[in-house]
Amino acid sequence: MITTWKTHTPPAAPFYAVIFISKKSNDLDGYEEMDSRMMEMAQQQPGYLGYSSVSKPEGGIFISYWKDESSIDNWRKNMDHREAKADAKTWYSYYHSMISRVESSNIFEGQILP
């Protein structure tokens, strides 16, 4: 899993996580271009904090982190994002989207012992 924070360090809780679990369809025409465009645009949105992602060719889990519900709602209403969501049923055979409030966040970055 890859996690990237906008400020290079995780934010203090509370914050919000939008969790997107997906299985891709066989029709991925235009998917990579739109995915790349949405990543760039999301990172420019006020309240965007970072993301975690794990992906395989058949699908994956993508979690975006946001300052508050208002930031999520503004991204949800973005016209380009709405266009991408309209195409989602072509690119995915299954998806599950959830919004959660993160009450606590702890990170361990251990070191490998010889």
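**Exercise 1. Place Y94 in the fold, and state how far Y94 is from W5.**

Step 1. Find the element. Y94 lies in strand β5, which spans residues 92–102. Helices (H or I, at least four residues) and strands (E, at least two) are DSSP runs, numbered from the N terminus.

Step 2. Check the cover. Y94 has a relative accessible area of 45%, so it is partly exposed. Here buried means under 20% relative accessible area, exposed means over 50%, and partly exposed is in between (1.4 Å probe, protein chains only).

Step 3. Take the distance. Y94 and W5 are 89 residues apart along the chain. Their C-alpha atoms are separated by 27 Å.

A note on the model: it is predicted, so local features need pLDDT of at least 70 and side-chain atom pairs count only at pLDDT 80 or more, while totals for chains, interfaces and linings use all residues. Residues are numbered from 1 along each chain as its sequence is written, and side-chain values use heavy atoms, with hydrogens and water left out.

**Exercise 2. Describe the overall layout of the protein: elements, order, box and burial.**

Step 1. Count the elements. The protein has 3 helices and 5 strands.

Step 2. Read the order. From the N terminus on, it is β-β-α-β-β-α-α-β.

Step 3. Draw the box. Along the principal axes, the C-alpha atoms fill roughly 45 × 40 × 20 Å.

Step 4. Note the burial. Of the 114 residues, 33% count as buried.

**Exercise 3. Which residues have the most contacts inside the largest nonpolar core, and which elements supply it?**

Step 1. Define the set. A nonpolar core is a set of buried Ala, Val, Leu, Ile, Met, Phe, Trp, Tyr and Cys residues joined through side-chain atoms within 4.5 Å.

Step 2. List the residues. The largest core has 17 residues. Those with the most contacts inside it are M34, M38, W66, I72, W75, W91 and Y92.

Step 3. Assign the elements. At least two residues of this core come from each of β2 (15–24), α1, β3 (48–56), α2 (69–77) and α3 (79–91). Helix α1 supplies the largest share, 6 residues.

**Exercise 4. Which residues form the negative surface patch, and which form the nonpolar one?**

Step 1. Set the rules. Patches are made of residues with over 30% relative accessible area and no salt bridge: like charges are joined within 9 Å, nonpolar side chains (Val, Leu, Ile, Met, Phe, Trp, Tyr) within 5 Å. Asp and Glu count as negative. The place of a charge is CG of Asp or CD of Glu. Accessible areas come from the Shrake-Rupley method with a 1.4 Å probe; for residues, only the protein chains shown count as cover.

Step 2. Name the negative patch. D27, D29, E32, E33 and D35 form it. E32 sits in helix α1 (residues 31–44). With a relative accessible area of 64%, E32 is exposed.

Step 3. Name the nonpolar patch. M1, V54 and I61 form it, with about 260 Å² of accessible area together. I61 is in strand β4 (residues 59–66). I61 is partly exposed at 31% relative accessible area.

**Exercise 5. Inspect the backbone at P14 and H8.**

Step 1. Go to P14. A cis peptide bond joins A13 and P14, with omega about 5°. P14 is in the loop between β1 (2–5) and β2.

Step 2. Go to H8. H8 is not a glycine, yet its phi is positive, about 70°. H8 is in the loop between β1 and β2. At 72% relative accessibility, H8 counts as exposed.

Terms used. Salt bridge = Lys/Arg side-chain N within 4 Å of Asp/Glu carboxyl O.
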